[in-house]
Amino acid sequence: MKIKSNSAFLLSRIFVAVFLSILIASCTATKPWHSDEYENWENRMPERDSQLEYQLFLIGDTGEPVLDGEDPVLVLLEEKLLEAGNNSSIVFLGDNIYSDGLEPEPLEAKEIAERKLTKTLSSMHDYGGRAYFVAGNHDWYSNFEGLQLQEEFINEYDPVENLSFHPRAGCPGPVEVVLNDRLVLALIDSEWFLAEETKEYATQQGCDIQTADESMTELRRLAFEHKDKTMVIAVHHPFFSNGRHGGYFTAKQHIFPLTEINDKFWLPLPGLGSLYVLLRNLGVSDEDFGGSMNKTYRQQVLDAVNDHPNVITAAGHDHNLQFFDEEGAHHIVSGSGSKTSKARKGKEAGFVYSNKGFSIIKFYNNGSVWAEYVTPKEPYADDNPIFRVQLQAADGS
Ligand SMILES: [Fe+2]
């Protein structure tokens, strides 16, 4: 009798697991997906007589590149950067070194971390543009000391000039970078806003901006001063996301939650897995949208730039490619520089692809601005760009 009830229980759990897997898998954007609004995006392109003037590359989460052999993302990035030359810039959107930033010790860990960062930096050896790096949560995981080491390593990396880490380690930002008369960057350390222990360094380091309030006041000032330009807010943590940090978990997390700790722990624990997902969504971590500090950070930044007509936010953190047109601004998630995680189709998104790649914002001489997404992953790599969208219309149109 007992054996029978145990079997029934096991069967019901298997049924739930299979049902959950099918349901969740059908939502995941494993292929490049776009909403109905962007039907025929392939046929929408910059005006024939317009000239490309400037490009801004956006790539996040590059911290785990292939060390032995070629890294497909970096190969594609290097190719595009060389093509673009000095009429372009790139922002690395944090999590520049997995998994604990630039660990000061032990020496072996430090050397591996330096090798990972060097691999990324070497993709810019012949690049004529400028590169900016912001911090992500993983860059803080060796505390302030590790973050400062990373900052020094990037700023002093000899083979390439024009590399810089902003804001300075321990400072929240925003750091204003006027790239030309049409484009300004506001570089922010978003992890600084999401953890209590980061705050003390702003005073300790004598940062120009030392509190969240001062940071938002400065952001509001930048938005006002540069109303006539496109303003790109480059951060690590996104404002909109259909990925894990935005609350989307796959069957893997529901059924095999221990794989979150170690990729080899494939022990089926469906009930516990769903509880784990529920807690993440309820805000157990401020790295996720559910976290109260995360909610405050997103709301404060969006409120500060609310009146600016041409704001684009660029972020990583979720390891996929996404596009949103929300709250009067455009939002790019470009966090699959070296890792991938699943993101769902639909909701408010215009485009989603759960795979590696990066995005490029293109400025044309007639005033129009476009965003493109590219991937090195087969079978879509030959179709690059895998998505294109107009962010701003030509002047006078
Ligand atoms: Fe992250």
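Two strands pair if DSSP finds at least two bridges between them, and that is a handy place to start, with Ser359 bridging to Tyr373 in strand 14. Helices (H or I, at least four residues) and strands (E, at least two) are DSSP runs, numbered from the N terminus. Please keep in mind that this is a predicted model, in which local features need pLDDT of at least 70, side-chain atom pairs count only at pLDDT 80 or more, and totals for chains, interfaces and linings use all residues. Residues are numbered from 1 along each chain as its sequence is written.

**Strand 13 and its partners**

- Strand 13 (residues 358–364) is mostly covered, with six of its seven residues buried; buried here means that 20 or more other C-beta atoms, placed from the backbone, lie within 10 Å of a residue's own, while 12 or fewer makes it exposed and anything in between partly exposed.
- Strand 2 (residues 52–59) runs antiparallel to strand 13 and is joined to it by six bridges, and Phe57 has Ile360 as its bridge partner in strand 13.
- Strand 14 (residues 369–374) also pairs with strand 13 in the antiparallel sense, over six bridges.
- Strands 13 and 14 make a hairpin with four residues between them, and Gly367 in the turn has a positive phi of about 95°.

**A closer look at Glu372**

- Glu372 sits in strand 14 and counts as partly exposed because it has 18 C-beta neighbours inside 10 Å.
- Leaving aside neighbours within four places in sequence, Glu372 is in contact (C-beta atoms, placed from the backbone, within 7 Å) with Ser359, Ile360, Lys362, Pro385 and Arg388.

**The nonpolar cores**

- A nonpolar core is a set of buried Ala, Val, Leu, Ile, Met, Phe, Trp, Tyr and Cys residues joined through C-beta atoms within 7 Å.
- The largest such core has 90 residues, and Leu58, Val91, Ile233, Ala234 and Ala314 touch the most other members.
- Helix 2 (residues 72–84) gives the most to this core, supplying six residues.
- Another core, of five residues, lies apart from the largest one; Cys171, Tyr201, Cys207 and Ile209 are among its members.
- Beyond four places in sequence, the contacts of Leu58 include Val91, Leu93, Ala314, Phe358 and Ile361.

- Eight strands form an open sheet with mixed pairing, in the order 1-12-10-11-9-8-7-6.
- At the edges are strand 1 (33–34) and strand 6 (175–180), each of which pairs on one side only.
- Strand 7 (residues 183–187) pairs with strand 8 (residues 230–234) in the parallel sense over five bridges, and Leu185 has Val232 as its bridge partner in strand 8.

**Helices**

- Helix 4 (residues 143–155) has 13 residues and should span 18 Å at 1.5 Å a residue, which agrees with the 19 Å between its end C-alpha atoms; the expected span is 1.5 Å times one less than the number of residues.
- The buried residues of helix 4 are Gly146, Leu147, Leu149, Gln150, Glu151 and Ile154, and they pack against strand 4 (130–133) and strand 5 (163–165).
- Met216, Leu219, Arg220 and Ala223 in helix 7 meet Gln300, Val301 and Ala304 in helix 10.

Conventions: Two residues are in contact if their C-beta atoms, placed from the backbone, lie within 7 Å.
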